[in-house]
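This report goes through one protein model, starting from a loop residue and moving on to the helices and the core. Please keep the structure at hand while reading.

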Amino acid sequence: QLRELLGHAGSIVLAKRAEATRISGEDLIRDFNRVAHLAVILQWQGPNRDADAHIDGLTRAASLTTSLVSLDLSYNHIGPDGAVSLAAVLGACTSLTHLDLTYNWIGPGVEVLAGGLGGCKALTHLDLNNNHFGDGGIGMIADALGAYTALRYLDLGHCDFGDEGAGRLAEMLVACTALSHLDLNSNGIFDEGVRRLAGVMDEWKELAHLDFRDNYFGAEGGGWLAVALVKCKKLSFLRLDSTNLGDEGAGRLAE
């Protein structure tokens, strides 16, 4: 009955607890080529060593859904092994426009994940918040981003990169002229990283949401931002709290 019901669905949400009977994602989705949205919510009760094993079957199932446009695997404790499985199928999801991998443990698996992301050229929404890639890892992600000319939403908060990673992002995001939402909160970005990013902001004519909170830049970075933001005519949301702007930086922004 479930199979018959979902055969007519345009959206599937799979929800289960870790201690419940396992669901084979591949068996469930094999016949549902019309499915457009898949959200896999595994409600782990603390760290679970089997997370990557679950993700392996589910991501293989997603690869069979050729019409998939939205894939949400947030809060699933996907580690480096799961990233390998995920990357292997992302290239087959050629219609994918929305990918959410928020709050996973990909970390060292970033290189293989970035390789898989390179095939998702239709992406408009990418959320990688809380994956702790570091400067080297975010550089690999940045290399993939250069192909996303339609990208509108990008969240790289809590990814543990600094000025070097910010510089790599700036080099590649210059091609993302449709970008309207950029979240870089809670990284380790100082004045130099802000300078590099501010230098390409005039390419983002659609930018409406910018989150730079919980970074380390001060008055100099604030000055670079002030110059760049004048050109962001559609900006309606800006977060700069918990930085080191001080009176001088605030003054530059006010001007």
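Val 230 sits in the loop that links H9 to strand E9 (237-239). The model is a predicted one. With a relative accessible area of 56%, Val 230 is exposed, because the cut-off for exposed is over 50%. The C-alpha atom of Val 230 lies 9.9 Å from that of Glu 255, although the two residues are 25 residues apart along the chain.

**Overall make-up**

The protein has ten helices and nine strands. Of its 255 residues, 52% are buried. Among contacts with a separation of 6 or more, 86% join residues 24 or more positions apart.

**Helix pairs**

Two packed helices are described by the angle between their axes and the distance between the axes. The table gives these values for two pairs.

| Helix pair | Angle | Axis distance | Residues in contact, by class |
|---|---|---|---|
| H9 and H10 (residues 246-254) | about 5° | 8 Å | five nonpolar, three polar, three charged |
| H7 and H8 | about 5° | 8 Å | four nonpolar, two polar, four charged |

H9 and H10 pack at about 5°, which makes H9 roughly parallel to H10. On the H9 side the contact is formed by Ala 219, Glu 220, Gly 222, Gly 223, Leu 225, Ala 226 and Leu 229, and on the H10 side by Glu 248, Gly 249, Arg 252 and Leu 253.

H7 and H8 also pack at an angle of about 5°, and H7 is therefore roughly parallel to H8. Here Asp 163, Ala 166, Gly 167, Leu 169, Ala 170 and Glu 171 of H7 meet Glu 192, Gly 193, Arg 196 and Leu 197 of H8. The buried residues in H7 are Gly 165, Ala 166, Gly 167, Leu 169, Ala 170 and Leu 173. They pack against H6, strand E6 (153-155) and H8.

In soluble globular proteins, nonpolar side chains tend to be buried together. In this model the largest nonpolar core has 57 residues, and those that touch the most other members are Leu 117, Leu 126, Leu 169 and Phe 212. At least two residues of this core come from each of helix H4 (80-90), helix H5 (110-117), helix H6 (134-145), helix H7 (163-173), helix H8 (191-198) and helix H9 (219-229). H6 gives the most, with five residues.

Which residues does Phe 212 contact, leaving aside its neighbours within four places in sequence? They are Leu 184, Ile 189, Val 194, Leu 197, Met 201, Phe 217, Leu 225, Arg 239, Leu 240 and Thr 243.

**Loop residues**

Ser 74 lies in the loop between strand E3 (70-72) and H4. Its relative accessibility is 14%, so Ser 74 counts as buried. The side chain of Ser 74 makes a polar contact of 2.7 Å with the side chain of Asp 72.

Most residues other than glycine have a negative phi. His 77, which is not a glycine, has a positive phi of about 55°. This residue is in the loop between E3 and H4. Tyr 103, also not a glycine, has a positive phi of about 55°. Tyr 103 belongs to the loop between strand E4 (98-100) and H5, and at 38% relative accessibility it counts as partly exposed.

How values were computed
Residues numbered from 1 in each chain as written. Predicted model: local features only at pLDDT ≥ 70, side-chain atom pairs only at ≥ 80, totals over all residues. Heavy atoms only, no water. Core = buried A, V, L, I, M, F, W, Y, C linked by side-chain atoms within 4.5 Å. Buried < 20%, exposed > 50% of the residue type's maximum accessible area, 1.4 Å probe, protein only. Contact = heavy atoms within 4.5 Å. Axes fitted to C-alpha atoms, helices over the stretch in contact; angles between N-to-C directions. Parallel < 35°, antiparallel > 145°, perpendicular 65-115°, else oblique. Nonpolar A, V, L, I, M, F, W, Y, C, P; charged D, E, K, R; others polar. Polar contact = N/O pair within 3.5 Å; in protein donor to acceptor, adjacent residues only side chain to side chain.
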